[in-house]
Amino acid sequence: MSHKELISKSFQDVHIQLNLVNADEKENQALRAYDLILRANDEGTEYTSFDIFNVELQKPIATIKLDGSEAWTYETDEGWLSHRQAEQERPMFYGDSEEDYE
């Protein structure tokens, strides 16, 4: 589905398969085990989060709200591994330290 088609329709969950243009087959094969899934709200008016989804296991690895307010990661067999609610105005990114938020 093209970007133009996504905009013209109501918002639905969309599975995105990653494929790096400048990568070799071995690198892209590793990515094929995962999808990014854009998640729409119940009304279909906007995207609210995305999942990193393990296609082979048919299980989510992580869910992240697009506004950065919450993120979940999952264990393979036992449900929730962790859940973080943002207490600050901006989400914490890889490489940030706790001191950046004090």
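This short talk walks through one predicted protein model, from its overall layout to a few side-chain contacts.

Let me begin with the ground rules, since this is a predicted model in which local features need pLDDT of at least 70 and side-chain atom pairs count only at pLDDT 80 or more, while totals for chains, interfaces and linings use all residues. Residues are numbered from 1 along each chain as its sequence is written, and side-chain values use heavy atoms, with hydrogens and water left out.

On the overall layout, the protein has 2 helices and 6 strands, where helices (H or I, at least four residues) and strands (E, at least two) are DSSP runs numbered from the N terminus. Along the sequence these elements follow the pattern α-β-α-β-β-β-β-β. Of the 102 residues, 23% count as buried, and by buried I mean under 20% relative accessible area, with exposed being over 50% and partly exposed in between, using a 1.4 Å probe and protein chains only. The accessible surface comes to about 8000 Å², and 51% of that surface belongs to carbon and sulfur atoms; these areas come from the Shrake-Rupley method with a 1.4 Å probe, and for residues only the protein chains shown count as cover. If we take contacts, meaning heavy atoms within 4.5 Å, between residues at least 6 apart in sequence, 12% of them join residues at least 24 apart.

Now a word on confidence, for which we use pLDDT, the predictor's confidence in each residue, from 0 to 100. The mean pLDDT of the protein is 77, and 64% of its residues reach 70 or more. Among the elements, helix H1, residues 3-8, has the lowest mean pLDDT, at 56, whereas strand S2, residues 34-40, has the highest, at 94. Over residues 87-91 the pLDDT is below 50, although this stretch has 8 contacts in the model beyond near neighbours in sequence. Where pLDDT is low, the predicted coordinates should not be read in detail.

Let me turn to the charged side chains. How many salt bridges does a search of the whole structure find? The search finds 4, a salt bridge being a side-chain nitrogen of Lys or Arg within 4 Å of a carboxyl oxygen of Asp or Glu. Asp13 and Arg39 meet in one of them, at 2.8 Å from N to O, and this pair links distant parts of the chain, with Asp13 in the loop between H1 and strand S1 (14-17) and Arg39 in strand S2, 26 residues apart. Arg39 also meets Asp51 in a salt bridge, again given as 2.8 Å from N to O, and here Arg39 in strand S2 is joined to Asp51 in strand S3, 12 residues apart. Asp13, Arg39 and Asp51 are therefore, by the salt-bridge criterion, linked in a network. Another salt bridge joins Arg32 to Glu25, with the closest N and O atoms 2.7 Å apart; Arg32 is partly exposed at 35%, and Glu25 is partly exposed at 49%.

Is Thr63 buried or exposed? Thr63 is buried, with a relative accessible area of 8%. Its side chain makes a polar contact with the side chain of Asp51 at 2.8 Å, where a polar contact is a pair of N or O atoms within 3.5 Å; within protein, one must be able to donate a hydrogen and the other to accept it, and residues adjacent in sequence count only if both atoms are side-chain atoms. Leaving aside neighbours within four places in sequence, Thr63 is in contact with residues including Phe50, Asp51, Trp72 and Tyr74.

Two further residues deserve a mention. Asn28 lies in helix H2, residues 25-31, and counts as buried at 4% relative accessibility. A polar atom of the Asn28 side chain lies 2.6 Å from the backbone nitrogen of Leu20, and, apart from neighbours within four places in sequence, Asn28 is in contact with Asn19, Leu20 and Ala23. Gln58, in the loop between strand S3 (47-54) and S4, is exposed, with a relative accessible area of 53%, and its phi is near 55°, a positive value in a residue other than glycine.
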